[in-house]
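Dear colleague,

Please find below the structure that I am handing over to you, followed by an account of what was found in it.

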Amino acid sequence: LQSYQAAENISGFNILELGAGNGSLAADLLGYLELANKLPEHYFILEPSASLQSQQYQLIAQKVPQLLNSVSWLSTLPSDFRGIILANEVIDAIPCERIINTEQGWCYLDICINNGSFEWCQGDCVPTDKLPNRLVEKLHNYPLSYQTELRPQIDGWISALENCLSTGNILLFDYGYPEKEFYHPQREQGTLKCFSRHRSHSNPLELVGLQDITAHVDFSALAASAVKQKLQVTGFTTQAGFLLENGVLEQVETLISHNDEPLTAAHYALSQQLQKLMTPGQMGEVIKVIQLSKNDSRRLSGFSFQDHLYRL
């Protein structure tokens with residue numbers, strides 16, 4: 001729906017998806033826009049992995065083969081881009097630095113080798129200008145050994161997006177919190193998580209190279225970086241609010257009504273998926289959506305039902 005709205009006011013409208021996973025979003029979005037007669041001039045996918053590019057190509061060719069020629073894969077960001085940039089769970093993959101509160105102040109947590117094994121060790125103190133104001137001004141609120149994360153590369157990442165975008169919007173979806181919640185004094189171990197063999201834990205020093213490592217996003221820092229780069233922060237909300245305003249419940253009801261059987265395994269699976277996407281205890285509240293704009297200040301659909309800009 002947001003792509004449909006953006007296409008109405010931007011000539012030469014394109015879509016750029018960052019890190020498209022298996023390609024399901026691209027295929028579904030292209031199919032929807034074709035039905036609405038609002039196809040972009042090009043659908044670009046920035047994907048460095050050759051393996052994922054192959055998966056994306058195959059899925060798009062399977063689901064919307066007639067639109068495959070409108071999809072292009074990029075190795076670098078384009079220039080003078082006009083349209084909408086989409087990134088779903090991309091920011092949390094940007095490297096982070098782990099820090100700890102010590103008697104000397106905030107220090108980096110480095111990784112050392114002891115008797116052939118990796119372990120955490122205290123590194124240099126973090127320069128004050130590299131710290132969020134909350135960690136400096138409210139240091140007394142944080143116990144010693146409190147650990148959290150910084151993502152210093154976010155400024156460069158936002159700057160690169162701003163440089164490539166001529167006119168349009170950036171929609172970012174990711175796990176995270178505003179600064180007040182991200183650096184809550186009770187979040188003593190930070191947000192870093194590891195996933196391996198269907199198990200979630202917080203030790204990145206085991207199974208090195210064999211597990212996914214991620215950390216949540218500080219959306220206040222993201223918004224501040226965007227403003228610094230002359231982008232406008234147009235909307236901020238939860239995934240649940242975003243989906244509700246965009247008619248997810250009505251779409252599910254339509255899908256169910258098209259099946260003559262009163263209850264099927266497919267209905268149950270759809271209900272389970274919706275619950276995972278919407279409930280506060282799962283993805284509904286912890287995943288946030290933020291809209292950044294350049295030369296196009298319209299707020300896209302999805303940010304008015306639960307307007308959370310004030311939390312940034």
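How do the residues of the lining of the second largest pocket divide into nonpolar, polar and charged? There are 15 nonpolar, 4 polar and 9 charged residues in that lining; here Ala, Val, Leu, Ile, Met, Phe, Trp, Tyr, Cys and Pro count as nonpolar, Asp, Glu, Lys and Arg as charged, and the others, Gly among them, as polar.

Two remarks on the basis of these notes. The model is predicted, with local features needing pLDDT of at least 70, side-chain atom pairs counted only at pLDDT 80 or more, and totals for chains, interfaces and linings using all residues. Residues are numbered from 1 along each chain as its sequence is written, and side-chain values use heavy atoms, with hydrogens and water left out.

The pocket

The second largest pocket has a volume of about 670 Å³. A pocket is, on a 1 Å grid over the protein atoms alone, an open set of points where a 1.4 Å probe fits, with protein on both sides within 12 Å along at least five of seven lines; lining residues have an atom within 4 Å of a point. Grid points are joined across faces, edges and corners, and the volume is the space filled by probe spheres set on the points. The lining comprises 28 residues, and K130, P132, R151, I154 and A221 lie nearest the centre. Two or more lining residues come from each of β8 (147–150), α5 (154–164), α6 (179–182), β13 (217–218) and α7 (219–228). Helices (H or I, at least four residues) and strands (E, at least two) are DSSP runs, numbered from the N terminus. The largest share, 6 residues, is given by α7.

Helices α7 and α5

In α7, the buried residues are F219, S220, L222, A223, S225 and A226. Buried means under 20% relative accessible area, exposed over 50%, and partly exposed in between (1.4 Å probe, protein chains only). These α7 residues pack against α5, β9 (165–177), α6, β13, β14 (232–238) and β15 (287–294). Just after the helix, K230 has a positive phi of about 70°.

S220 counts as buried because its relative accessibility is 10%. A polar atom of the S220 side chain lies 2.8 Å from the backbone nitrogen of E179. Beyond its neighbours within four places in sequence, S220 is in contact (heavy atoms within 4.5 Å) with Y177, P178, E179, R311 and L312.

The buried residues of α5 are I154, W157, I158, S159, L161, E162 and C164. Their cover includes β1 (14–18), β4 (81–88), β9, α7 and β15.

Of the 6 residues of β5 (residues 97–102), 5 are buried. This strand runs antiparallel to β8, to which 4 bridges join it; strands are taken to pair if DSSP finds at least two bridges between them. I99 has T148 of β8 as its bridge partner, and E97 is partnered by L150. Another 4 bridges join β5 to β6 (residues 105–114), again antiparallel, with I100 bridged to C107. A hairpin of 2 residues connects β5 to β6. Both faces of β8 are covered: Q147 and E149 are buried on one side, T148 and L150 on the other.

T167 belongs to β9 and counts as buried because its relative accessibility is 13%. Its side chain makes a polar contact with that of R82 at 3.5 Å. A polar contact is a pair of N or O atoms within 3.5 Å; within protein, one must be able to donate a hydrogen and the other to accept it, and residues adjacent in sequence count only if both atoms are side-chain atoms.

Other sites

D80, in the loop between β3 (71–74) and β4, has a positive phi near 55° without being a glycine. With 55% relative accessibility, D80 is exposed. N295, in the segment after β15, likewise is not a glycine and has a positive phi of about 55°; N295 is exposed at 63% relative accessible area.

K276 is found in helix α10 (residues 265–278) and is partly exposed, with a relative accessible area of 45%. Apart from residues up to four places away in sequence, K276 touches Q282, M283 and G284.
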